[in-house]
Amino acid sequence: MKLTVFGATGGIGGQIVRQALESGHQVTAVVRDPARLTATGAGLDVFRSDLRDAESLRAAVAGRDAVLSGLGARARKDAGVAAVLTRPVLAAMEAEGVRRLLVVSAAPLAPVTAGQSLVDRAALGLIGAILKDVYADLRVMEDEIARSATDWTAIRPPKLTNKPLTGTYRTVIGGNPRGGRSIARADVAHAMLAMIDDPATVRQGVGVAY
């Protein structure tokens, strides 16, 4: 497939690029600083952009089968960037008629489900309170992609780690895996790539955790 990856120098975005290339996909990595991109491969095209100009991003998404985004705050001081940077991506995709979009969100944004334990609710509530500005930003981003014409999926991981790829994790459409406390960024990337062709995940939030 032909894929475009935003946030390609981040922890999850970088993993998406590497794993996609290893699987034989053609990848356009959209970056602000190409020097920070560590992935290499014959199928890689690097597209430099400040990400805020929708018109300039049209060339990065035109003709692609899917767009995957790891855009988001890397620290509390960056709260607000997910929604701001996703808006031009949505505009560029809609202008080019590209529909499939997968973004990284967070577990605390999932609705409370009947099978969710009190411990799970308390843990996610505490995290949500500590990082409320970051999650408010992700909420805005999710609301905007939900109003878009894209076939979106919001992947909602809990605590992220830098452990190696396992390829073994749980996913729940419309909720979070019971007792799921963490997941490696590499496995989030793996899950996103696996969901590209999964119609059950279209226009859904999907919890992913060990």
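## A tour of salt bridges and a buried helix

Select Glu96 to begin: with a relative accessibility of 29%, Glu96 is partly exposed. In this tour, buried means under 20% relative accessible area, exposed means over 50%, and partly exposed lies in between (1.4 Å probe, protein chains only).

Before moving on, a note on what you are viewing. This is a predicted model, in which local features need pLDDT of at least 70 and side-chain atom pairs count only at pLDDT 80 or more, while totals for chains, interfaces and linings use all residues. Residues are numbered from 1 along each chain as its sequence is written, and side-chain values use heavy atoms, with hydrogens and water left out.

Stop 1: Helices here are DSSP runs of H or I with at least four residues, numbered from the N terminus. A salt bridge means a side-chain nitrogen of Lys or Arg within 4 Å of a carboxyl oxygen of Asp or Glu. By this rule, there are 5 salt bridges.

**Stop 2: Glu55.** The closest N and O atoms of their salt bridge are 3.6 Å apart. Both residues sit in helix α2 (residues 54-61), and a spacing of 3 residues separates them by about one helical turn. Glu55 is exposed, at 54% relative accessibility.

**Stop 3: Glu144 and Arg87.** Which residue forms a salt bridge with Glu144? Select Arg87 to see the partner, with the closest N and O atoms 2.8 Å apart. Here too distant parts of the chain are linked: Glu144 is in helix α5 (residues 132-147) and Arg87 in helix α3, 57 residues apart. Glu144 is buried at 17% relative accessibility, whereas Arg87 is partly exposed at 38%.

**Stop 4: helix α6.** Finally, select residues 185-195, which make up helix α6. Of its 11 residues, 8 are buried, so the helix is largely enclosed by the rest of the structure. Among them are Ala186, Asp187, Val188 and Met195.

Note on methods:
Helices (H or I, at least four residues) and strands (E, at least two) are DSSP runs, numbered from the N terminus.
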